[in-house]
Amino acid sequence: MFDPDDLSTNPSAGPAFPDLLAVDAGRRRLLGTALGAAALAFLGRVPVARAASFDAAPGFESVPVAADDAVHVPPGYSAQLLFAWGDPVSDGPAFSPDASQSAEVQALQAGMHHDGMHYFPLPARKGDRARGLLAINHEYTDDGLLHPDGMKTWTAAKVRKAQAAHGVSVIEVRQRADHGWEVVRPSRYGRRITAYTPMRIAGPAAGHARMRTAADPEGRLALGTLNNCANGHTPWGTYLTCEENIQAYFVHASPAPADLARYGITERGFGYRWHEFDERFDVRRHPNEVNRFGWVVEIDPFDPASVPVKRTALGRFSHESATHAVASDGRIVVYMGDDQRNEYLYKFVSRDPYDPQQPERTRDLLDHGTLYVARFEAGGSGQWIALVHGENGLTADHGFGSQAEVLIRTRQAGDRVGATMMDRPEWIAVHPVTGEVYCTLTNNNRRGGATANAADGTTPLAGAQPPVDGANPRANNAFGHIVRWREAGGDAAATSFEWDVFVQCGDPALADAAKRGDIRGDAFGNPDGLAFDAYGRLWIATDISPTSLNKGDFAGLGNNALLCADPVSGEVRRFLTGPRGSEITGPCFSPDGRTLFVNIQHPGENPGERNDPDRPKAISAWPDGAAGSRPRSATLAIRRTDGGVVGT
Ligand code: FEO
Ligand code: CA
Ligand code: CA
């Protein structure tokens, strides 16, 4: 069977189970068990708590809480810097430490603020242990660091450069015979997708009147992708990048109409000031441009000339995570969260099954299917409610004249059907054997009142303050929690599920019992990134906001961290701590499980104004280290120094 030294893998091969094959030869007996369990799982998936033979215990020594400006990993591991903001994706110019590179050069280099990420294997070449592509999101920019004088002046060229620092990088990486990783330069795959890359709009909302603009009267060709936070990938080898906080970029005079307010559009956005030089971000001048953002975008990383596609069938909201599962009949299910306070959890179920023998049929698989929103009932049951035009009150009488309008106004559709308001859903991970689904709920300071989102869609974003409920059990949920569910019959396409709370985060040293949580093991807060490895260990990346890091209730948790949990025992161990001001995100694995790729996002982020180039530098000089150097987001490759499987 599989030769662990031959790491070449068909890039278009299927999803989780081929990954299970690519593991340490010394664990084949376990794998036999795991694959047996996988086969069982297809017939009827079992709760992880009953998958007793599955060895998911973290097997490393915890790293302590840290507050210094460094990355720490357990003894016996190394963390290698691979790809930082400003590094070329192919053979373009190198990083300019004074941030003097032009927009055109920035568009050939790593963007800012790396986030979600996925590794796609390529056949290894002679002399390499492995080769693959990394698709990496660049969520947003810190304009204080992006330009030599920050935002002290503001010009069209700076807006263009900020747009060039957004989007996605695709880089080719190789693992040398000595096990170290490097970016391949030049590479025919090296590519940047930015906030002005042309992309096709597909699915039910394509061409709708509300998607048409003066520049695109057909409503089928958008420019760019924005605020690419979490991600997903498909069994057919494409990358899914998720547009999250679109309200950061668009502005409208106050008060904005209800449909804009529901999506958080305000007079100022997050202060990006793009509208001053790119009028498509001024909603008063171009009222429909905003409808062309807030989607999941599918990218073929293997074809650098491919046009990214906005898949409108997956709904429009602050997308965080697009994690797939395969239903019993082969249909593709994509789980997605809307990361805002008191927003909803969704899943899309494709109309057609995925057939690896007919890859051409997968081209538009994500354009046809049903979008569902979750209702978590008291007592541990739950329902997926279809967001289908004409059903469940989604009719013209309520502002939904077509399926396109259901999708453009996904939040209002969720309001109408009475979906459960959640504590900011972030990443979603599907257990590779049992099919159990885990979702981080990062925090919610608007939980514990009596105000729900109005059914008529008129509650502005973050205007609700609902009571606690079973799935969101804490008022003013400062530390967050992780919820998990099991689909009925073990079928990802089921319309009902059973749920429980996997862990409530917190610090057991705190006096307030409500903030201590119930973690078995190392304390953490604000879970965000989430990924299973092939052994069923759950990796949790934290995003305590820079305003809270190492202060107040969060003083005992230190810098943001990556932790590893055993879903069976609940044991949690801290695996990595990041530099000052950073968030940890993007965890994903090489197919052999021996390299963990992680992103360090926004080291040095300062809680004050974004336009000051000096404040971040006073907090962090990571990774370059020299005093006064600009901190840079970066991708790390983490390995065991003995070459073994990470986490064991
Ligand atoms: Fe961009 Fe929801 O984190
Ligand atoms: Ca996130
Ligand atoms: Ca977050």
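Predicted model: local features only at pLDDT ≥ 70, side-chain atom pairs only at ≥ 80, totals over all residues.
Let me begin with N477, which sits in the loop between strands β21 (437-441) and β22 (481-487); helices here are DSSP runs of H or I with at least four residues, strands are runs of E with at least two, and both are numbered from the N terminus. Residues are numbered from 1 along each chain as its sequence is written, chains are lettered from A and ligands numbered from 1 in the order in which they are written, and side-chain values use heavy atoms, with hydrogens and water left out.

Is N477 buried or exposed? Its relative accessibility is 1%, so N477 counts as buried, a word that means under 20% relative accessible area, with exposed meaning over 50% and partly exposed in between (1.4 Å probe, protein chains only). The side chain of N477 makes a polar contact of 2.9 Å with that of D423, and another, of 3.1 Å, with the side chain of H481. By a polar contact I mean a pair of N or O atoms within 3.5 Å, where within protein one must be able to donate a hydrogen and the other to accept it, and where residues adjacent in sequence count only if both atoms are side-chain atoms.

Now to the metal. Which residues coordinate the calcium ion (ligand 3)? They are E426 (OE), D528 (OD) and D543 (OD), at 2.3 to 2.4 Å, and along the chain these donors follow the spacing E-x101-D-x14-D. E426 lies in strand β20 (residues 425-430) and D543 in the loop between β26 (538-542) and β27 (561-565), so that the pair links parts of the chain 117 residues apart. Donors are N, O and S atoms within 2.8 Å of the metal (3.2 Å for Na, K and Ca), and since water is not among the atoms, sites may look incomplete. E426 also bridges this ion and the calcium ion (ligand 2), the two ions lying 3.6 Å apart, and both E426 and D543 are buried.

Finally, consider helix α8 (residues 410-417), which is mostly covered, with 7 of its 8 residues buried. Those buried residues include R411, D415 and V417, and just after the helix G418 takes a positive phi of about 75°.
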